[in-house]
Amino acid sequence: MMRKPVIVGNWKMYKTKEEAASFIKELIPHVQQASSRILLAVPFTAIQTAADAASETAIAIGAQNMNDATKGAFTGEIAASMLLDVGAQFVILGHSERRQLFFEDSAFINKKVKRALKEKLQPIVCVGETLQERQEGKTEERLEQQLLKSLKGVKAKDFDTLIVAYEPVWAIGTGESATPAIAEKAHSFCRAKIKEHFGDEAAEKLTLLYGGSVKPENAAALMEEANIDGLLVGGASLSVEAFKNIVNYKTLVG
Ligand code: PGA
């Protein structure tokens with residue numbers, strides 16, 4: 001099965017509405033012919049503006065987090081239905097910054113994943129080991145644990161939409177990407193675990209992204225790997241020049 005490549009930009013806590021709109025306007029002519037799906041995870045406050053700017057283009061807009069509840073007394077939180085209401089089509093869940101800085105655990109992330117699936121908001125679920133876990137030889141144990149806990153109760157058919165991103169914590173924002181071989185090893189491990197627990201079809205359909213210091217210079221080599229179906233890009237998604245080159249990684253080869 002051919003899985004369509006997916007390139008996701010994660011803007012984190014950057015860009016106002018105006019900056020979002022002008023970024024998208026500038027990006028559009030460079031990506032209309034791209035063979036990948038293009039997703040931009042923007043700050044909550046820019047979703048509506050970005051979705052309007054990207055409407056009827058190849059770019060889909062999404063969020064970087066949400067709460068699992070439908071509504072209620074949860075000060076400062078945002079529900080899936082609210083994201084859909086302003087034009088979000090997907091949501092990143094369990095990013096390592098959420099796990100580390102905001103103490104989100106896999107059980108909480110699992111509730112969010114189920115809510116997103118129920119509300120038909122495409123979830124991108126992040127997993128990844130820390131440097132210490134890698135050095136202690138615990139990478140696979142950590143990945144398995146995060147995958148199984150975050151995806152508990154998910155059905156095989158959910159892998160039609162559900163995306164998993166492998167983001168080694170030591171590669172995020174450090175400028176030091178995993179080598180294609182290291183990333184591929186983790187990706188093939190993740191796919192094997194999905195196969196073991198959710199079946200052949202789920203594993204075959206699963207879109208697996210790599211994230212962590214992706215740049216125009218390393219995008220094509222990472223995408224060459226059999227189990228890398230796409231990229232989750234932080235820092236380099238803030239510049240139109242860098243992001244368009246990542247989206248068009250195929251034309252940069254050779
Ligand atoms: P980076 O971030 O590309 O800046 O390393 C990736 C991410 O956090 O998703």
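At what angle do the axes of helix H1 (residues 17-31) and helix H11 (residues 240-247) cross? In this predicted model, the two axes cross at roughly 30 degrees and come within 10 Å. Angles under 35 degrees count as roughly parallel, and H1 is therefore roughly parallel to H11. The crossing of these two helices is right-handed.

**Helix H1 and its two partners**

On the side of H1, the contact with H11 is made by Phe23, Glu26, Leu27, His30 and Val31. H11 contributes Val240, Phe243, Lys244 and Val247. By class, the residues of this contact comprise 6 nonpolar, 1 polar and 2 charged.

H1 also packs with helix H2 (residues 47-54), at an angle of about 20 degrees and with the axes 9 Å apart. H1 and H2 are therefore roughly parallel to each other. Here, too, the crossing is described by its hand: H1 passes H2 in a right-handed crossing. In this contact, Lys17, Ala21, Ile24 and Ile28 of H1 meet Thr49, Ala50, Ala53 and Ala54 of H2. The residues involved divide into 6 nonpolar, 1 polar and 1 charged.

The loop between strand E1 (6-10) and H1 holds Lys12. The side chain of Lys12 makes a polar contact of 2.8 Å with the side chain of Glu97. When neighbours within four places in sequence are left aside, Lys12 is in contact with Ala41, Pro43, Gln64, His95, Glu97, Ile172 and Gly234.

**The ligand**

There are 13 residues around the ligand, and those that come nearest are Lys12, His95, Glu167, Gly173 and Ser213.

| Residue | Part of the residue | Distance to a ligand oxygen atom |
|---|---|---|
| Lys12 | side chain | 2.7 Å |
| His95 | side chain | 2.6 Å |
| Gly234 | backbone | 2.8 Å |

Note on methods: Residues are numbered from 1 along each chain as its sequence is written. This is a predicted model: local features need pLDDT of at least 70, side-chain atom pairs count only at pLDDT 80 or more; totals for chains, interfaces and linings use all residues. Side-chain values use heavy atoms; hydrogens and water are left out. Axes are lines fitted to C-alpha atoms, for helices over the stretch in contact, and angles run from 0 to 180 degrees between N-to-C directions. Helices (H or I, at least four residues) and strands (E, at least two) are DSSP runs, numbered from the N terminus. Angles under 35 degrees count as roughly parallel, over 145 as roughly antiparallel, 65 to 115 as roughly perpendicular and the rest as oblique. A crossing is left-handed if the near helix is turned anticlockwise from the far one by less than a right angle, and right-handed if clockwise. Contact means heavy atoms within 4.5 Å. Ala, Val, Leu, Ile, Met, Phe, Trp, Tyr, Cys and Pro count as nonpolar, Asp, Glu, Lys and Arg as charged, and the others, Gly among them, as polar. A residue is near a molecule or strand if one of its heavy atoms lies within 4 Å of it. A polar contact is a pair of N or O atoms within 3.5 Å; within protein, one must be able to donate a hydrogen and the other to accept it, and residues adjacent in sequence count only if both atoms are side-chain atoms.
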